[in-house]
Amino acid sequence: MSEPRFFALIIGTEILNRRRTDKHFDFVTKALAEKGHKLTGSFIIEDDPALIVQTIIFIASQKNAVLFSFGGIGSTPDDHTRQCAAIALRDGTLHLHEEAKEIIVNKLGEKAYPYSVRMAELPEGATLLENPVNQMPAFALDERYYFMPGFPEMSHPMVEKILTQLIPNKKAYYRHTLTAHCKENIFIQLMESMPKGVEFSSLPKLHSTGWKVTISVASEDEVLAKESFDKYIHLLKSRNIIYALNDGE
């Protein structure tokens, strides 16, 4: 795969109605940042099979997509993700995964029946992800779509292991940031001229003392990042606008 683009899919009505607090977004963004990457998109959706299918299809349609999906792979009636993954990425049918069945039965014995063993019914071609907590396996498809439990203590070690395999070495990313005492519109022409390969953003905020804007410029190319950032510095100096080299509020 070329440069991966990461997506998080967080499934759980209990998050949207505030019965639970999401812990996945913060973790995934930090784990990716440690590897020099970031999320391209993140979705929190309810336990609606049609919506789950449509969201997986959308993410899979994106170039070089890697999906981290959290929640809904259990055996209760509100766990739809296994079936939805089969519909979105395969022919819609689930197949008994013999290795998954063996793991579940070895762990639970007779208690695996009649319900827990259903977790071994997976889309065709699924590979297993080791669960470090209770051994109930999660699964992956095509080495790019990863379906994990909603429990952070189970899924987050899985993400760390996956990222170690996908990104063995951290990618260098060079970022420069300033906060200026002005409105962001003075930078529009400059932002429009930023070269390809440069990520930039402007975050304005109205303070009691007036407008401030934080400008951030980044690139995998160290020289390009610095040269592009220096253009903002030059503009501010030419207009005698106060600024500081920080991500100030």
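1. Leu32 touches Phe6, His37, Lys38, Leu39 and Leu163, leaving out residues up to four places away in sequence. Contact here means heavy atoms within 4.5 Å. The model is predicted: local features need pLDDT of at least 70, side-chain atom pairs count only at pLDDT 80 or more, and totals for chains, interfaces and linings use all residues. Numbering runs from 1 along each chain as its sequence is written, and side-chain values use heavy atoms, without hydrogens and water.

2. Leu32 lies in helix H2. Helices (H or I, at least four residues) and strands (E, at least two) are DSSP runs, numbered from the N terminus. Leu32 counts as buried because its relative accessibility is 0%; the cut-off is under 20% relative accessible area, with a 1.4 Å probe and protein chains only. Glu160 is 128 residues from Leu32 in sequence, yet their C-alpha atoms are 9.2 Å apart.

3. Lys35 lies in the loop between helix H2 (24-33) and strand E2 (39-45). Beyond its neighbours within four places in sequence, Lys35 contacts Leu163, Thr164, Ile167, Pro168, Lys170 and Lys171.

4. Now the sheet. Four strands form an open sheet, ordered E10-E11-E9-E12, with antiparallel pairing. Strand E10 (199-207) and strand E12 (243-244) are the edges, each pairing on one side only. Two strands pair if DSSP finds at least two bridges between them. E9 (174-180) and E11 (210-219) pair over 7 bridges. Ala180 has Val213 in E11 as its bridge partner.

Definitions and conventions. Buried means under 20% relative accessible area, exposed over 50%, partly exposed in between (1.4 Å probe, protein chains only).
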